[in-house]
Amino acid sequence: MGRTDELVFDPGALSAAQRDGDACVACHKRWPRPRVRVGCLPSGSGVFACEDCAPALPRPRPAEPGSGAGRPVNGPAPGEAVSYR
Ligand SMILES: [Zn+2]
């Protein structure tokens, strides 16, 4: 797994606990310990968020423009059952 596309956080914007991975980078909560790695510091150490906050954080990958609900590309369209007689 490549880690080069991780979000790099500015250590100056984080508290010591956040830089150590002891506190959630978003809500500063220290317990339960944040478990989701959401990025890293320029030094390479991980930055973590709790499971509640991780989805709200920006992703390294840019969102696809104009993409709506993620629906499966290859799948039966609802209400389009074909019957041969
Ligand atoms: Zn949090």
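The largest nonpolar core comprises 9 residues, namely Phe9, Ala23, Cys24, Val25, Val38, Val47, Phe48, Ala49 and Cys50. Strand E2 (residues 46-49) supplies the largest share of this core, with 3 residues. Here a nonpolar core is a set of buried Ala, Val, Leu, Ile, Met, Phe, Trp, Tyr and Cys residues joined through C-beta atoms within 7 Å. A residue is buried with 20 or more other C-beta atoms within 10 Å of its own, exposed with 12 or fewer, and partly exposed in between, the C-beta atoms being placed from the backbone.

The model is predicted: local features need pLDDT of at least 70, side-chain atom pairs count only at pLDDT 80 or more, and totals for chains, interfaces and linings use all residues. Residue numbering starts from 1 along each chain as its sequence is written.

Turning to the overall layout, the protein chain holds 1 helix and 2 strands, arranged α-β-β from the N terminus on. These are DSSP runs numbered from the N terminus, helices being H or I with at least four residues and strands E with at least two. Of the 85 residues in the protein chain, 13% are buried.

Proline 34 sits in the loop between helix H1 (16-19) and strand E1 (36-40). This proline 34 counts as buried because it has 28 C-beta neighbours inside 10 Å. Beyond four places in sequence, proline 34 is in contact (C-beta atoms, placed from the backbone, within 7 Å) with Ala23, Cys24, Phe48, Ala49 and Cys50. With the same exclusion of neighbours within four places, phenylalanine 48 touches Gly21, Cys24, Val25, Pro34, Arg35, Val36, Arg37 and Val38.

Note on methods: Contact = placed C-beta atoms within 7 Å.
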